[in-house]
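The following exercises concern a model of a protein assembly.

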Amino acid sequence: MVSPLLEVKHLKKYFNLKGSRADYLKAVDDISFTVNEGEVLGIVGESGCGKSTMGKTLIQLLTPTEGEILLNGENIANLSPKKVREKRRDMQIIFQDPFSSLNPRMKVYKIIEEPLVNFKIGTKEERKQRVYEVAKQVGLTQKQLDRFPHEFSGGQRQRIGIARALVSNPKLIIADEPVSALDVSIQSQVLNIMKDLKKEMNLTYIFISHDLSVVHHFCDRIGVMYLGKLVEVADKHELFSNPKHPYTKALLSALPKSHPSRKKERIVLRGDVPNPANPPSGCTFHTRCPNCMDICTVTPPTLKRMGEKHDVSCLLYE
Amino acid sequence: MTQAIETEIVAAKKTSKMMQILKYIKANLTGMIGLVLVVAAIFCAIFAPYIAPYDPGAASLGQRLDMPKWLDETGESQYLLGGDQVGRDLLSRIIYGARISLLVGICGVAISLVLGTVLGLVSGYFGKWLDDLIMRLAEVQLGLPFILLAIVIMSVFGTGIEKIIIILGLTYWVSFARLIRGEILALKEQEYIQAAKAIGGTHFKIIVKHILPNVASSILVLATMCIAEFILLEASLTFLGLGVEPTVPSWGGMLADSRNYMTSAWWISVFPGIAIMLTVLGFNLLGDWLRDRLDPNMKV
């Protein structure tokens, strides 16, 4: 029995909309899930569905409105700023845009070393050894560490970002679309580095992406988000072979066919994602759902266990 | 034989070094002109007693309104740039005048820079009610016309160079605060500031290591431009009789004194005017050049 490294219970992040007092934007609305040690949980969803907000809330770059985030059984939501800073040693984030995630005025060595300095790890000499070690792991030479970020390509910059996240030996990495800003040829290179590092350092990833093929390649379990809610969570193979939620079905049907002769029905969703500041009543997906029933407009569904390691939030299955 | 080759190589290296320097100057011509003008003004200010040919306060009525030496055909004039309305050497007064102008410019900017940077940082970084408070204060400050404020304060507390510096410093912090606040609002969206937080940086460290170095170039550019503006403002205030005492040589004061003699002795007004123009131009050129130069992505 593997113990959950991270347990999220009823996490909510609402943004106050300027102007009126009553209006919130429910970016993350009542999300619960667990991540076991050594696992890779993928989070997929359309842009604007709250994936990144969730990632940033998990690592406390945004303070959660409500809910619990249990890291190794300890609630880290709403700790004092000082305690939060200490906890960040155990969880790190890799950002989406490698061009804005590195300080242009710091040399790469300083960038990678900074977490060690902040967390007061080791002597100067030990830190140097550690920086060289991590740099080697992500494929940077010692000579390159003496340069500035603008002298590197996108893929190299992203590897610097990975090195910075890993240098303090964290347990959990939140990867916020780490490869979506990169060329396809570089994507696999960076993903492979992340995979190798996972083995070497026994890491746990939460991998946020909108690219289903990348998620399929990289993750063990996948959670599908729609309008700030988790609508389906399942094992990778289970989700791809047996999707339950109509939204998941539609997403998967949009994947290119693996073989030209194989017949596949394309489910096309009508309309746009509704405004998250004013979500539809009942099930938030009912406006676009091909299987919409009368009850869907009234009763919001909850995440229910459907089978082994398969949770769905849909009234069709209740 | 080998020695000859060696000396040749050394010579070649020397010329190539010279060529490099010349090339650099050619590529950065405006910046270099600015630098030379600014350095010249600072040099005059510091070493005024050693380079001024005459005592700037020594009036000699015999030399009253003397023409510049190189224009005077009678050969009576001793002064290179002529004499003023009481027979003082214009050149010496211009050299001494650099002291007042630069003192006002640099000290005034120092005050407004420190004040504006701190308030702008607090306003942009911490936001919320502090931001509202500081920005409303800035708007009130902007609403007050500078000259009017200077007249009121000078007439209550009397004139003096330190008062000009303080008034300028307390008025122009708004420019710095607004610039820095705007830059920080943009910077905060950059992921590396969020990353700095995620990797365990304190507010102090994020500000000092990640924000300040990235706004420093803008601050520096604004500071050089502000020095130029302050020099002009000091000259205007002194011209209006609100600046330094008339006995102290200053460019604005010289212009004010000269206006009755504009038709008969043009040099009294023209040369201090040129001094102001060159210094201001120097700071502006330097500021422009620094702005291009300090962008890390432009570094070759």
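A salt bridge is here a side-chain nitrogen of Lys or Arg within 4 Å of a carboxyl oxygen of Asp or Glu. The model is predicted, and side-chain atom pairs count only at pLDDT 80 or more.

**Exercise 1. Apply the salt-bridge rule to Glu46(A) and Arg288(A), and locate the two residues in chain A.**

Step 1. The separation from N to O for Glu46(A) and Arg288(A) is 3.5 Å. The cut-off is 4 Å, so the pair qualifies as a salt bridge.

Step 2. Glu46(A) lies in the loop between strand S3 (40-44) and helix H1 (51-58) of chain A. Arg288(A) belongs to the loop between helix H9 (246-253) and strand S11 (304-307) of chain A.

Step 3. Over all chains, the structure holds 17 salt bridges. Across the interface of chain B and chain A, however, the rule finds 0.

**Exercise 2. Describe the interface of chain B and chain A by its area, its polar contacts and the composition of the chain B side.**

Step 1. Interface size is often expressed as the accessible area lost when the parts come together. Between chain B and chain A the buried area is about 2200 Å², with 51% given by carbon and sulfur atoms. Glu191(B), Ala198(B) and Ile199(B) supply 30% of the area that chain B buries against chain A, more than any other three residues.

Step 2. Chain B brings 22 residues to the contact, and chain A brings 24 residues.

Step 3. The interface has 13 residue pairs in polar contact, both residues being at pLDDT 80 or more. On the side of chain B that touches chain A, the elements that give two or more residues are helix H8 (191-198) and helix H9 (203-239) of chain B. The largest share, 7 residues, comes from H8(B).

Step 4. By class, this side of chain B has 8 nonpolar, 9 polar and 5 charged residues.

**Exercise 3. Characterise the largest pocket by its volume and lining.**

Step 1. The volume of the largest pocket is about 1300 Å³.

Step 2. Its lining has 34 residues, and the closest to the pocket centre are Leu61(A), Leu62(A), Lys128(B), Lys197(B) and His203(B).

Step 3. Chain A gives two or more lining residues from each of strand S1 (4-16) and helix H2 (81-87). In chain B, the elements that do so are helix H4 (90-126), helix H5 (128-143), helix H7 (161-189), H8 and H9.

Step 4. The lining divides into 12 nonpolar, 12 polar and 10 charged residues.

**Exercise 4. Which residues line the largest cavity, and which line the second largest cavity?**

Step 1. The count comes to 5 cavities of 30 Å³ or more.

Step 2. The largest cavity is lined by Lys229(A), Val231(A), His245(A), Gly282(A), Cys283(A), Thr284(A), Phe285(A), Pro300(A), Pro301(A) and Ser313(A). By class these are 5 nonpolar, 4 polar and 1 charged.

Step 3. Lining the second largest cavity are His245(A), Cys283(A), Phe285(A), Cys289(A), Asn291(A), Cys296(A), Cys314(A) and Leu316(A). This lining has 6 nonpolar and 2 polar residues, with no charged residue.

Note on methods. Residues are numbered from 1 along each chain as its sequence is written. Chains are lettered from A and ligands numbered from 1 in the order in which they are written. This is a predicted model: local features need pLDDT of at least 70, side-chain atom pairs count only at pLDDT 80 or more; totals for chains, interfaces and linings use all residues. Side-chain values use heavy atoms; hydrogens and water are left out. Contact means heavy atoms within 4.5 Å. Buried area is the accessible area (1.4 Å probe) that two parts lose on being put together, summed over both. A polar contact is a pair of N or O atoms within 3.5 Å; within protein, one must be able to donate a hydrogen and the other to accept it, and residues adjacent in sequence count only if both atoms are side-chain atoms. Helices (H or I, at least four residues) and strands (E, at least two) are DSSP runs, numbered from the N terminus. Ala, Val, Leu, Ile, Met, Phe, Trp, Tyr, Cys and Pro count as nonpolar, Asp, Glu, Lys and Arg as charged, and the others, Gly among them, as polar. On a 1 Å grid over the protein atoms alone, a cavity is a set of points where a 1.4 Å probe fits but cannot get out, and a pocket is an open set with protein on both sides within 12 Å along at least five of seven lines; lining residues have an atom within 4 Å of a point. Grid points are joined across faces, edges and corners, and a volume is the space filled by probe spheres set on the points.
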